[in-house]
Structure formats: C-alpha cells, structure tokens
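Q: I have a model open on my screen and would like to learn how to read it. Could you take me through it feature by feature?

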Protein chains: 2
Amino acid sequence: MSEPGDEELEFDEEAWTAGGSPLDRAAFNSDGLLPAIIQQEGTGEVLMLGWMDREAMRRTLTEGRVTFWSRSRQEYWRKGDTSGHVQYVRAAALDCDADTLLVTVEQVGAACHTGTRTCFDGDPLDVRRGIPPAAAD
Amino acid sequence: MSEPGDEELEFDEEAWTAGGSPLDRAAFNSDGLLPAIIQQEGTGEVLMLGWMDREAMRRTLTEGRVTFWSRSRQEYWRKGDTSGHVQYVRAAALDCDADTLLVTVEQVGAACHTGTRTCFDGDPLDVRRGIPPAAAD
C-alpha cells in the first residue's frame, strides 16, 4: 500500500523554522561550508564525509535525500541521482559547536564512487593500538 | 597480569613507513589540516569530529592515543590529558580521496566537553525523513 503522506507526517515546516532554523545556528566555515558525516542507520557504519553549504543543508533536512556541495565541480550534488546510490535521510544532528553535521541515512547500495560500501573500506592504516590501563592489567 | 608488550606487537614502525607513509598519502587542506571522524569501536557511535595536521595524525597513528590540532587554541591537544576522557586508538582508515580520516577508538567517559557521550547528542534536528520507494509500497 502506498503511503504518500508518510514524509509529511514526519516534518512540520512551521515548527522547523519557528524554533530558530538550524541553518541559522550552523557555523559554516570561511568558504560557507561545513562537513557532513553520513552514517548508516542501524549498523552505525560511517559511510562518507561530504560538504554542505547552507542550501545543501536546507535541502538535506527538508527533502528526505542527502544533497552535498561538490567542491571540485562547484555544484550541488544530490547523492544517487546519477549512481542510483541514494541516501534517504533518517535523522540529523549538529555537534556541540554547530560546525559539523551528522546525518543518519538509509544508504542504497555502495556509498563510495569506487563501488565499496563505505569510503573508508579501501585504505585501512597500520596503527599502534592504544591499550587502556585496565585492559593491560 | 600486565602485558606491556601488547602495543608493540600491534605496530611495526618499519613496515609502516616502508609501504609509503599514510602521512604522505593524506590530502591536507590549504590550512594543512584534515577532518578526523572519531567513532567508538563496537557500538559505532560517532563521537566527534576533530582536525589534525600531519603531526597530529602521526601522533594519533603511532602513539595509541588520539591527538588533534586545536584550531581555536592553535596547539596540539591530546584528548583526555586534562579531562581524563582519553581516546585509545583501535583502528584508522583514510577515505577514498585521502582527505578524511576515520579513527576507531575506545572512548573513556564522555567524548564531548559538554559532558555528553558524543558531541552530537545535544542538538538533534527536525528532518523530513526520506522513504525508500520499496518501503512506501
């Protein structure tokens, strides 16, 4: 059964702007951008990090789909429009100083343009693992 | 039982640099920084985003503890040194274009200076949830 009203039920445009728009609260950098961490709902996988200007953030919060600002192409880039690998927005939060956005999504297919599930799958680094004192006893 | 050798077993300094240092592969921005996403091992919680220059990244990968570059204080900041809320490094990865670092950690206590577990706990945003076509049928 189609439920076209679902999206509307989740979002009240008036309430959104009445309490002070998060777009006004967001601290964009000197280029007018902030980093957006994209995380898969449920699994917690960190899929990628992209950049948003005010308009990309507005679209992401109000349209149900993640939109970035592409710094290399200097244009808006709605994830999945060409690849089909859509990111459906499930939740979002600003961090404590409002200069980073965390967006929880339902990711369709591969998040990375290289074809891997996340953009962090291809280059795991050799690290010295830190051992908490309690665990070392 | 104390196992002081554990950290050493996890990390081979020679192998780390022989294959091309990740510090050389990393794409720092025009300020010499890259964003580092800090994620709790196991739960997948995104704890915070901080910034690292080459030296902070080197320390993070080789010392078992997360070190950031504080843009506001213009100094290195080893997480937990003053708060006790240490981040022990468990794994790290560069993303597909090497301009973002994901660090998996064991977080002691609150990651956020406001006292919340993550820096994203305080400001959840009202969003329009996207509904995948299949889920709407």
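Q: Which residue of chain A forms a salt bridge with R71(B), and how far apart are the closest N and O atoms?
A: To spot one, look for a side-chain nitrogen of Lys or Arg within 4 Å of a carboxyl oxygen of Asp or Glu. Here, in this predicted model, the partner of R71(B) is D99(A), and their closest N and O atoms are 3.3 Å apart.

Q: How many salt bridges does the rule find across the interface of chain B and chain A?
A: The rule finds 4 across that interface, while the count over all chains comes to 20. There are also 20 residue pairs in polar contact between chain B and chain A, counting pairs with both residues at pLDDT 80 or more.

Q: Which element gives the largest share of the side of chain B that touches chain A?
A: That is strand β5 of chain B, residues 87-94, with 7 residues. Sorted by class, the side of chain B that touches chain A holds 30 nonpolar, 20 charged and 9 polar residues.

Q: What joins strand β5 of chain A to strand β7 of chain B?
A: Look for bridges between the strands. In this case 3 bridges link β5 of chain A (residues 87-94) with β7 of chain B (residues 123-125), and the two strands run antiparallel. As one example to find on your screen, L94(A) has D123(B) as its bridge partner in β7(B).

Q: How many residues does the contact take from each chain, and what area do the chains bury between them?
A: The contact takes 59 residues from chain B and 59 residues from chain A. Together the chains bury about 5,300 Å², with 56% of it on carbon and sulfur atoms. F120(B), R128(B) and R129(B) supply 16% of the area that chain B buries against chain A, more than any other three residues.

Q: Why can we say that the copies meet through the same surface?
A: Compare the two lists of interface residues. Here 100% of the interface residues of chain B are also interface residues in chain A, so the copies meet through the same surface.

Q: What rotation superposes chain B on chain A?
A: Two copies of a chain are related by a rotation about an axis and a shift along it. Chain B is superposed on chain A by a rotation of 180° with 0.0 Å of shift along the axis, at an RMSD of 0.0 Å. The two copies are therefore related as by a two-fold rotation axis. In chain B, G44(B) has the C-alpha nearest the axis, 2.4 Å from it.

Key. Residues numbered from 1 in each chain as written. Chains lettered and ligands numbered in written order. Predicted model: local features only at pLDDT ≥ 70, side-chain atom pairs only at ≥ 80, totals over all residues. Heavy atoms only, no water. Least-squares fit on C-alpha atoms with pLDDT ≥ 70 in both. Contact = heavy atoms within 4.5 Å. Buried area = accessible area lost by both parts, 1.4 Å probe. Polar contact = N/O pair within 3.5 Å; in protein donor to acceptor, adjacent residues only side chain to side chain. Helix = DSSP H or I, 4+ residues; strand = E, 2+ residues; numbered from the N terminus. Nonpolar A, V, L, I, M, F, W, Y, C, P; charged D, E, K, R; others polar. Pairing = 2+ DSSP bridges.
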